[in-house]
Amino acid sequence: MYLQDRRILLTGASGGIGRALALALASRGAWLCLSGRDRDALARLKGEVEAHGGRAEIFAADLGADDGPERLAAHVLTAYPRLDVLINCAGTSHFGEFADTPAPVLSRLWQTNVLAPMRLVQALLPTMRAQGRGLIVNVGSIFGSIAFPCFTAYSSTKFALRGFSEALRRELNGSGIGVLYVAPRYTRTAINAGAVEAMAAAVKMPQDDPAAVAAQIVLAIERERAERYLGWPEKLFVRINAWFPRLVDRALRRQTEQMRPFALPRPT
């Protein structure tokens with residue numbers, strides 16, 4: 001896909017991979033609709049995009065609200081009746097043993113990582129169908145293919161997002177609308193600060209910079225890929241886990257014991 005003048009809605013643009021992705025897309029000449037919860041961060045990003053010759057509008061939105069995805073879709077389509085690409089990059093994480101994970105955290109994970117992308121796609125599909133073309137990009141995680149201990153709830157949501165992407169791609173076959181699922185590995189962002197960052201360093205988990213991840217996502221869009229797994233040897237482990245999950249079980253046992261001390265403490 002040629003990105004010059006493409007209208008793109010990017011969620012989770014306030015920081016991390018989303019922010020880096022906005023700058024990478026702007027450098028290709030895309031017209032950006034930037035969404036996130038932090039209006040001030042979005043405004044700063046808009047200024048940075050425009051300072052480099054790009055074009056952007058901001059749409060502050062809480063995708064966890066009851067009608068958040070639908071309201072965002074309506075606002076964007078009012079500003080841009082044509083929408084070429086939707087990138088579901090907004091997400092949240094949780095590090096800790098599943099038995100200690102509070103119910104509100106589970107709800108937040110599923111609402112942000114799974115239900116919001118699904119509802120946003122549902123709200124925008126009629127426009128893409130009417131156009132006869134479009135692209136939906138769902139940013140998942142390597143943890144959506146390799147179920148990681150101490151990330152049980154988070155991994156579950158990313159497995160769901162991967163399954164949604166695969167099924168939707170098959171359902172939309174022949175419509176002119178593509179679905180790309182991208183799975184980064186551990187990335188140095190604010191969402192991974194603190195305990196996760198310390199754990200990753202202790203177990204020597206490979207790490208990527210958000211700009212490097214964004215570059216790979218843009219490349220996958222331009223090459224019209226269906227899936228893109230980032231990082232070596234993680235992409236190999238994805239294949240091994242699919243065919244021989246018990247081998248991965250054994251490989252993760254020692255790492256699990258290294259991770260436990262960094263997991264969030266039990267609620268008091």
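In this predicted model, helices H1 and H7 cross with a right-handed sense. H1 spans residues 16-27 and H7 residues 210-222. Their axes lie 8 Å apart and meet at an angle of about 55°. On the H1 side, the contact is made by Gly16, Ile17, Ala20, Leu21, Ala24 and Leu25. H7 contributes Pro210, Ala211, Val213, Ala214, Ile217 and Val218. By class, 11 of these residues are nonpolar and one is polar. None is charged.

Side chains of opposite charge can pair when their charged atoms come close. The count of salt bridges comes to nine. One of them joins Arg28 and Glu222, with an N to O distance of 2.9 Å. Arg28 sits in the loop between H1 and strand S2, and Glu222 in helix H7, so the pair ties together parts 194 residues apart in sequence. Arg28 is partly exposed, at 34% relative accessibility. Glu222 is also partly exposed, at 26%.

A second pair, Arg119 and Glu70, meets at 2.7 Å, N to O. Arg119 belongs to helix H4 and Glu70 to helix H3, 49 residues apart. Glu70 is partly exposed, with 33% relative accessibility.

Arg133 forms a salt bridge with Asp84, the closest N and O atoms being 3.8 Å apart. Arg133 lies in the loop between H4 and strand S5. Asp84 lies in the loop between H3 and strand S4. Arg133 is partly exposed at 34%, whereas Asp84 is buried at 3%. Together with Arg82, Asp84 and Arg133 are linked in a network of salt bridges.

Technical notes:
Residues are numbered from 1 along each chain as its sequence is written. This is a predicted model: local features need pLDDT of at least 70, side-chain atom pairs count only at pLDDT 80 or more; totals for chains, interfaces and linings use all residues. Side-chain values use heavy atoms; hydrogens and water are left out. Axes are lines fitted to C-alpha atoms, for helices over the stretch in contact, and angles run from 0 to 180 degrees between N-to-C directions. Helices (H or I, at least four residues) and strands (E, at least two) are DSSP runs, numbered from the N terminus. A crossing is left-handed if the near helix is turned anticlockwise from the far one by less than a right angle, and right-handed if clockwise. Contact means heavy atoms within 4.5 Å. Ala, Val, Leu, Ile, Met, Phe, Trp, Tyr, Cys and Pro count as nonpolar, Asp, Glu, Lys and Arg as charged, and the others, Gly among them, as polar. A salt bridge is a side-chain nitrogen of Lys or Arg within 4 Å of a carboxyl oxygen of Asp or Glu. Buried means under 20% relative accessible area, exposed over 50%, partly exposed in between (1.4 Å probe, protein chains only).
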